[in-house]
Amino acid sequence: MGINGKYSIGILLTFVLLAAAMLYAFPIVTIITGVRGITETNFLLTRFIIWGIFLMVFLYSIFIEKGSFLLKKETRYSILFYIKAVICLYFICSIGGALLNVMIHLLFQEKISDKLFELTPIFKNNYFLLIFTCFTAGAVEEFLMRGYIQPRIEKLYNSSTLGIIFSAVLFGILHSTYGTIGQVVIPFFIGVVFAMFYKIYSNIKILIICHFLIDFISLMAMNFMDIKHLSLF
């Protein structure tokens, strides 16, 4: 099998594993622990499953593709650039996401995701779980969506535009398990912004930091100000 075939299988494998985790991680963990419902322990175990998926894809890239996990070489920047980039990305995603959320609410009278309501209590005063959840989302999703899938789509179709759009679409679809239009459209928008940044600046670490901050600030807001519509994890 040629390298393009291996890339195609790797992309499909990544999406299928992540989709399966979104749909079946909780039922599997419930069977293992024997505890029904969304508990702190059950949710923590589902995060370990997501890390397991990242490990599987990483090993696939090393032993099957026989190449580097990140096809794009990381570009180094100054600390000042990191700060400016994270701040700009954060405000673009937050303001854009908020505007999209308002539009969706006006058009569809959409309610807040029931799943978010169910998840909110487990983060109350559990800062380890909150931070670990945000770090898992930031690191794993950026490594897989932008670091792994996006450049391989570019290689397969010789199109940076397809790499950006395809990775953003998958990112949006994977959030559809939250059960609302907003939880697909807003992640898609953020996926496009992040993918364009990665294409131009080739730095996954900045995206991980920004993704972490978006989720962390959203979860903290949900805990203390009862603002639930901006969570992206």
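A: A salt bridge is defined here as a side-chain nitrogen of Lys or Arg within 4 Å of a carboxyl oxygen of Asp or Glu. The model is predicted, so local features need pLDDT of at least 70 and side-chain atom pairs pLDDT 80 or more, whereas totals for chains, interfaces and linings use all residues. Residues are numbered from 1 along each chain as its sequence is written, and side-chain values use heavy atoms, without hydrogens and water.

By this rule there are 4 salt bridges. One of them joins E142 to R146, with N and O 2.7 Å apart. Both residues belong to helix α5 and are separated by 4 residues, about one turn of the helix; helices are DSSP runs (H or I, at least four residues) numbered from the N terminus. E142 is buried, at a relative accessible area of 0%, and R146 is likewise buried, at 0%. Buried means under 20% relative accessible area, exposed over 50%, and partly exposed in between (1.4 Å probe, protein chains only).

E154 counts as buried, at 14% relative accessibility, while K199 is partly exposed, at 32%.

A further bridge is formed by K205 and E74, whose closest N and O atoms are 3.0 Å apart. This pair, too, links distant parts of the chain: K205 is in helix α8 (residues 204–224) and E74 in the loop between α2 and α3, 131 residues apart. K205 is partly exposed, with a relative accessibility of 39%, and E74 is partly exposed as well, at 23%.

A cavity is a set of points on a 1 Å grid over the protein atoms alone where a 1.4 Å probe fits but cannot get out; lining residues have an atom within 4 Å of a point. The largest cavity is lined by 16 residues, with M22, R47, I50, K115 and Y178 nearest its centre. The elements giving two or more residues to this lining are α1 (3–33), α2 (40–63), α4 (114–119) and α5 (127–157). Helix α2 supplies the largest share, 5 residues.

Conventions: On a 1 Å grid over the protein atoms alone, a cavity is a set of points where a 1.4 Å probe fits but cannot get out, and a pocket is an open set with protein on both sides within 12 Å along at least five of seven lines; lining residues have an atom within 4 Å of a point.
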